[in-house]
Protein chains: 2
Amino acid sequence: MPMSCTHIQVMEFNMRSHYCGQLNESLVDQHVTLCGWVHRRRDHGGVIFIDLRDRDGIAQVVVNPDMADAFATADRSRSEYVLKVEGLVRLRPEGTRNPDMPTGMIEVVAEHVQVLNESKTPPFQLEEHNVKVGEDIRLKHRYIDLRRPEMIERFRMRSRVTHFVRNYLEEHGFLDVETPILTRATPEGARDYLVPSRTHPGEFFALPQSPQLFKQLLMVSGFDRYYQVAKCFRDEDLRADRQPEFTQIDIEASFIDEEAIMSITEDMIRNLFKNVLDVELPAKFDRMPYSEAMHRFGSDKPDMRIPLEMIDISDLMSRVDFKVFSGPAKDDNGRVAALKVPGGAKLSRKEIDEYTNFVSIYGAKGLAWIKVNDRKAGLDGLQSPIVKFMTDVIDELMERLDAQDGDIIFFGADRTRIVNEALGALRVRLGEDLNLYTQRWAPLWVVDFPTFEKDDSGKLSACHHPFTAPACSVEEFRANPGDSLSRAYDMVLNGTELGGGSIRIHEQDMQRAVFEVLGISEEEAEEKFGFLLDALQYGAPPHGGLAFGLDRLVMLMTGASTIRDVIAFPKTQSAACPLTDAPGEVSEAQLKELNLRLRKRDA
Amino acid sequence: MPMSCTHIQVMEFNMRSHYCGQLNESLVDQHVTLCGWVHRRRDHGGVIFIDLRDRDGIAQVVVNPDMADAFATADRSRSEYVLKVEGLVRLRPEGTRNPDMPTGMIEVVAEHVQVLNESKTPPFQLEEHNVKVGEDIRLKHRYIDLRRPEMIERFRMRSRVTHFVRNYLEEHGFLDVETPILTRATPEGARDYLVPSRTHPGEFFALPQSPQLFKQLLMVSGFDRYYQVAKCFRDEDLRADRQPEFTQIDIEASFIDEEAIMSITEDMIRNLFKNVLDVELPAKFDRMPYSEAMHRFGSDKPDMRIPLEMIDISDLMSRVDFKVFSGPAKDDNGRVAALKVPGGAKLSRKEIDEYTNFVSIYGAKGLAWIKVNDRKAGLDGLQSPIVKFMTDVIDELMERLDAQDGDIIFFGADRTRIVNEALGALRVRLGEDLNLYTQRWAPLWVVDFPTFEKDDSGKLSACHHPFTAPACSVEEFRANPGDSLSRAYDMVLNGTELGGGSIRIHEQDMQRAVFEVLGISEEEAEEKFGFLLDALQYGAPPHGGLAFGLDRLVMLMTGASTIRDVIAFPKTQSAACPLTDAPGEVSEAQLKELNLRLRKRDA
């Protein structure tokens with residue numbers, strides 16, 4: 001990977017002549033000055049070997065006893081001491097060369113060694129982190145954790161990703177505009193972080209969940225193309241892999257339609273992967289309607305690397321005399337689906353039990369299955385606790401699923417939402433457990449989202465956000481809002497939503513109609529979004545955009561397993577920082593100035 | 001100025017074929033499609049002329065009555081309507097060409113005109129803003145205010161500045177690393193914005209006043225070179241031209257000294273001006289010790305475009321029998337200085353009175369002056385209310401000041417701080433009022449700052465911040481901290497501090513010594529900066545950096561008169577946003593969740 005910084009002119013940086021990782025055979029017989037940390041030190045045959053580490057790599061320094069001062073200094077150096085080493089580059093003796101290491105052909109024979117700073121014994125060894133060290137200790141001493149070469153590499157990658165994206169967007173005429181962090185509370189579902197105002201007692205700013213309204217206002221201003229790598233904030237419970245603050249690549253443009261914005265952002269991601277990872281993504285990303293994604297994969301962000309899909313069998317199962325299946329099969333809000341796993345017949349009972357537990361997280365009451373041991377043998381060749389209930393349809397079922405010997409077939413039968421979530425999650429889990437991936441990278445556009453989703457009580461909420469344009473006229477929308485599709489699109493990569501966006505509403509009538517359907521009164525709309533409704537009356541152009549989750553993008557690109565590994569100073573699951581010990585208490589005087597008082601704790 | 005975006009591929013953006021500002025004679029006889037706003041409309045001889053405006057410029061559209069549909073649409077179009085226009089480019093008839101306008105040679109004969117959105121009559125005309133429109137109205141309808149071509153131009157410039165700086169720093173090996181916005185309160189003097197934590201009741205995050213400690217921790221992590229275009233926050237009373245949130249170009253590097261960091265950042269600014277403004281700054285910026293800057297210009301950010309300087313005359317005035325002068329002249333903490341203004345004898349009494357009022361803002365109790373009408377005539381040639389008190393030294397004074405006929409000489413006599421501030425400010429004011437500037441751009445490094453400044457009670461506070469390295473050993477520092485100089489440097493441009501920085505303390509001993517001098521107890525240091533002191537023990541490299549104020553830099557480069565004109569959605573002087581009406585009230589439920597209660601207002 002093109003990660004080296006050998007192109008850097010270091011001359012103006014006067015303490016060193018080279019980065020450790022820059023050393024190679026071309027420098028043999030040259031004097032160099034290195035600065036870095038003692039990564040490892042060992043004494044061998046009266047000679048001290050120091051692996052000196054800096055951002056760019058590790059170089060082996062040899063300190064011979066005949067250089068008395070250097071030797072004495074090296075001798076007192078411990079792990080993580082900061083050294084300045086001057087010496088001569090030479091080829092390592094034959095037999096000690098290490099072709100696996102970029103600097104493995106050479107070593108530096110030290111002439112001067114200077115301790116620039118000492119180090120206490122670190123609380124953990126850099127190599128040990130995965131094995132023995134808890135994340136809390138790593139976060140508390142984050143400045144040590146970040147020294148691990150793989151960590152630095154991730155942040156170099158992050159810097160390159162951001163930089164590439166910025167260059168791409170600038171070249172395409174997007175203006176980098178900063179929008180406020182201290183802003184007004186927005187009712188976008190998740191919770192706002194609030195900031196008490198000192199100059200307006202009793203009032204609060206909110207930290208933005210996204211720059212959504214500001215970027216729309218910039219379009220009304222005629223800025224035409226906007227982007228920002230923007231900090232966003234959500235005070236949610238940190239389930240899964242979330243952070244209170246996260247970063248969006250935020251994009252908006254005017255006088256465009258969804259084809260235009262999808263084409264340019266797709267091109268950007270394709271070029272990003274080519275440039276930073278040397279990966280060729282498909283020349284055109286597949287597109288899939290939301291309804292198809294839910295139907296085939298039980299998810300609006302299907303992982304297309306996994307060659308499994310859900311097959312609908314409601315029509316068959318409505319005929320069986322097994323209420324667990326026939327009930328949902330006959331219910332308009334129910335679904336019966338099968339997930340065939342080639343080669344899955346080898347799964348043990350224990351493994352199947354584990355999957356049964358797994359799908360119960362998603363509300364499934366069980367996990368029916370059939371192992372196809374010998375399809376030609378008919379019922380005798382099928383191993384299953386439930387096959388006896390479906391003898392009438394078993395042939396049709398085997399045919400529809402094109403079942404092969406060695407397959408296992410899992411079933412979901414419940415309300416549609418539960419079947420989709422349970423089998424959808426099981427599909428992803430099986431893909432991972434059985435390593436079924438057919439490709440390394442599988443991007444996909446999901447399109448044709450419904451404008452609204454209905455919760456169990458029948459209440460509508462915006463599927464994306466309430467500024468998303470429905471794909472119809474105001475009249476058509478008013479006639480049947482619940483069934484309207486929206487002009488939204490999500491980019492999905494390997495089952496992760498990389499980004500999402502939409503063409504926005506640019507007409508006040510439509511915006512008011514959507515607020516109405518959402519049960520937002522005219523008064524409330526005026527109170528909360530008056531400035532947007534105003535702006536839509538003063539010449540708002542057609543516009544739309546998209547926002548990518550930068551943390552998630554970099555996580556995927558670096559192969560990190562959590563976004564915490566691509567954020568320099570992340571918070572824990574309880575939204576705290578073990579390093580700085582934030583949040584913390586503040587003085588009574590500060591509270592008073594903010595016109596606030598703490599409540600007595602509930603007992 | 002290279003501001004056009006003619007290089008942009010607009011093909012993927014399907015509603016238009018060109019930006020308005022892109023049209024020129026090379027497109028004559030071609031069909032184009034434009035999208036934009038009705039900037040001006042006039043009817044002339046039965047034909048409608050529309051100046052159509054977009055981000056890139058203005059094009060004249062001609063709508064003839066023989067195109068009935070287009071004409072009807074144009075006829076109902078009003079100011080700020082959003083139109084899509086298809087038509088043929090042609091040369092304007094001779095006599096109607098406008099060489100002052102980039103598109104002034106051509107016009108577009110409309111074939112189709114479509115209203116993409118209507119507009120109510122805007123609350124102010126774009127041209128009128130300076131004359132009639134208060135800033136509050138402009139901020140309330142910021143999306144209209146930002147349509148003014150000069151505003152869009154400023155934000156294009158801002159985007160280019162940021163982009164150039166990022167490219168420069170990336171090319172020099174700096175990594176873009178994001179540091180947290182939700183962090184721990186720091187005691188850096190100005191006030192923190194606080195954010196109550198929901199998950200840790202009674203505790204608060206603070207918004208960072210700068211990423212100072214995080215960037216130092218990144219150096220301890222071996223990141224080696226860091227930068228960030230970082231949002232910073234200060235809850236100060238908004239005197240002068242401040243904003244609650246502002247943006248810093250934040251830079252830090254390891255294994256460097258002040259020469260290195262000054263040389264690279266100076267080179268960056270020089271290249272920035274060359275690239276974005278086509279301005280050649282000096283090949284090497286002048287450097288001036290802090291003490292000299294205070295002495296000659298009464299300021300640590302002297303405006304070097306102004307050829308006036310303060311001349312010390314304490315020695316002369318200690319001899320006169322005029323207590324107002326001789327008192328401060330003899331006082332160790334006092335100063336008597338003169339500011340000679342060539343040609344200033346023409347100032348009226350009224351103007352001088354105004355300047356007297358002006359210096360009183362800075363605590364000066366008066367403003368003595370001498371007009372040199374005819375130096376050869378001796379005392380008779382001098383017009384002044386005070387010359388009678390200094391007859392004994394007048395010749396020496398005239399000589400020292402090299403006074404010429406037509407000069408006015410202003411005097412300051414008071415405590416040194418007041419003299420410096422008053423005469424320093426007067427110097428800048430005179431430079432502006434009398435347009436004395438000798439050059440357009442005058443950059444300067446101010447160096448050799450004292451580590452501490454003493455307030456009137458004798459209490460020491462950090463001149464930059466408490467992490468700035470003194471320019472001496474710990475032993476020397478402890479022996480005489482009050483007189484120590486620091487390794488800090490400020491870059492000044494035209495009297496504005498563009499940026500400031502320092503080599504930081506990287507040794508725990510020195511850091512503890514500085515805290516001690518500042519009266520921070522060991523316990524308090526541990527409580528507030530424990531994580532920094534810890535980090536300094538685990539192999540902190542020598543490091544230093546600098547931060548530029550981006551808003552101020554862009555303000556200077558665009559010639560804007562306030563930073564509010566280079567911030568898309570700024571706050572007012574009372575830290576409010578008239579557009580979104582932030583800050584605002586929040587619900588009792590939200591407060592409860594944050595464990596907070598409002599205080600009863602003080603009566």
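Author: Two strands pair if DSSP finds at least two bridges between them. Strands (E, at least two residues) and helices (H or I, at least four) are DSSP runs, numbered from the N terminus. This is a predicted model, in which local features need pLDDT of at least 70 and side-chain atom pairs pLDDT 80 or more, while totals for chains, interfaces and linings use all residues. Residues are numbered from 1 along each chain as written, chains are lettered from A and ligands numbered from 1 in written order, and side-chain values use heavy atoms without hydrogens or water.

Reader: How many helices and strands does chain A have?

Author: Chain A has 18 helices and 23 strands. Its C-alpha trace spans about 90 × 75 × 60 Å along the principal axes.

Reader: Which domains make up chain A?

Author: The bounds come from an automatic or database domain assignment. Domain 1 covers 20–117, domain 2 takes 163–177 + 209–287 + 445–566, and domain 3 is 306–438. Over C-alpha atoms, the centres of domain 1 and domain 3 of chain A are 61 Å apart.

Reader: What share of chain A is buried?

Author: Buried means under 20% relative accessible area, exposed over 50%, and partly exposed in between (1.4 Å probe, protein chains only). Of the 603 residues in chain A, 61% are buried. Contacts, meaning heavy atoms within 4.5 Å, come next. Among those in chain A with a separation of 6 or more, 68% join residues 24 or more positions apart.

Reader: Which way do the residues of β2(A) point?

Author: In a regular strand, side chains alternate between the two faces of the sheet. In β2(A), A:V47, A:F49, A:D51 and A:R53 point one way. A:I48, A:I50, A:L52 and A:D54 point the other way. Strand β2 of chain A runs over residues 47–54, and eight of its eight residues are buried.

Reader: In what sense do β1 and β2(A) pair?

Author: Antiparallel, over seven bridges, with β1 of chain A at residues 31–44. A:R42 stands opposite A:F49 in this pairing. Their hairpin has two residues between the strands, and A:G45 takes a positive phi near 60°.

Reader: What joins β2(A) to β3(A)?

Author: A hairpin, through two residues. β2(A) and β3 of chain A (residues 57–63) also pair in the antiparallel sense over seven bridges. There A:L52 has A:A59 in β3(A) as its bridge partner.

Reader: Now chain B. What is the strand order in its open sheet of five strands?

Author: The order is β12-β13-β16-β14-β15, with antiparallel pairing. β12 (310–312) and β15 (382–383) of chain B stand at the edges with a single partner strand each, so one side of each has no neighbour in the sheet. Further in, β13 (residues 334–341) and β16 (residues 408–415) of chain B pair over eight bridges, antiparallel. B:L339 has B:F410 in β16(B) as its bridge partner.

Reader: Which helix lies across these strands?

Author: Helix α12 of chain B, residues 394–401, lies across β12, β13, β14 (368–372), β15 and β16 of chain B. It runs at about 75° to β14(B). Such angles run from 0 to 180 degrees between N-to-C directions, with axes fitted to C-alpha atoms, for helices over the stretch in contact.

Reader: How many salt bridges are there over all chains?

Author: Side chains of opposite charge can pair when their charged atoms come close. Here a salt bridge is a side-chain nitrogen of Lys or Arg within 4 Å of a carboxyl oxygen of Asp or Glu. The whole structure has 108 salt bridges. B:R184 forms one with B:E527, the closest N and O atoms being 3.5 Å apart. B:R184 sits in the loop between β6 (175–176) and β7 (194–196) of chain B and B:E527 in helix α16 (residues 522–536) of chain B, so the pair ties together parts 343 residues apart in sequence.

Reader: Are the two ends of that pair, B:R184 and B:E527, buried or exposed?

Author: B:R184 is buried, at 15% relative accessible area. B:E527 is exposed, at 54%.

Reader: What does B:E259 pair with?

Author: With B:R287, in a salt bridge whose closest N and O atoms are 2.7 Å apart. B:E259 lies in helix α7 (residues 258–277) of chain B and B:R287 in strand β11 (residues 286–289) of chain B, so the link joins parts 28 residues apart in sequence. Both ends are partly exposed: B:E259 at 42%, B:R287 at 29%.

Reader: What rotation superposes chain B on chain A?

Author: Two copies of a chain are related by a rotation about an axis and a shift along it. Copies are fitted by least squares on C-alpha atoms of residues with pLDDT of at least 70 in both. Here the rotation is 180° with 0.1 Å of shift along its axis, and the RMSD is 0.2 Å. The copies are thus related as by a two-fold rotation axis. The same surface serves both, with 100% of the contact residues of chain B recurring in chain A.
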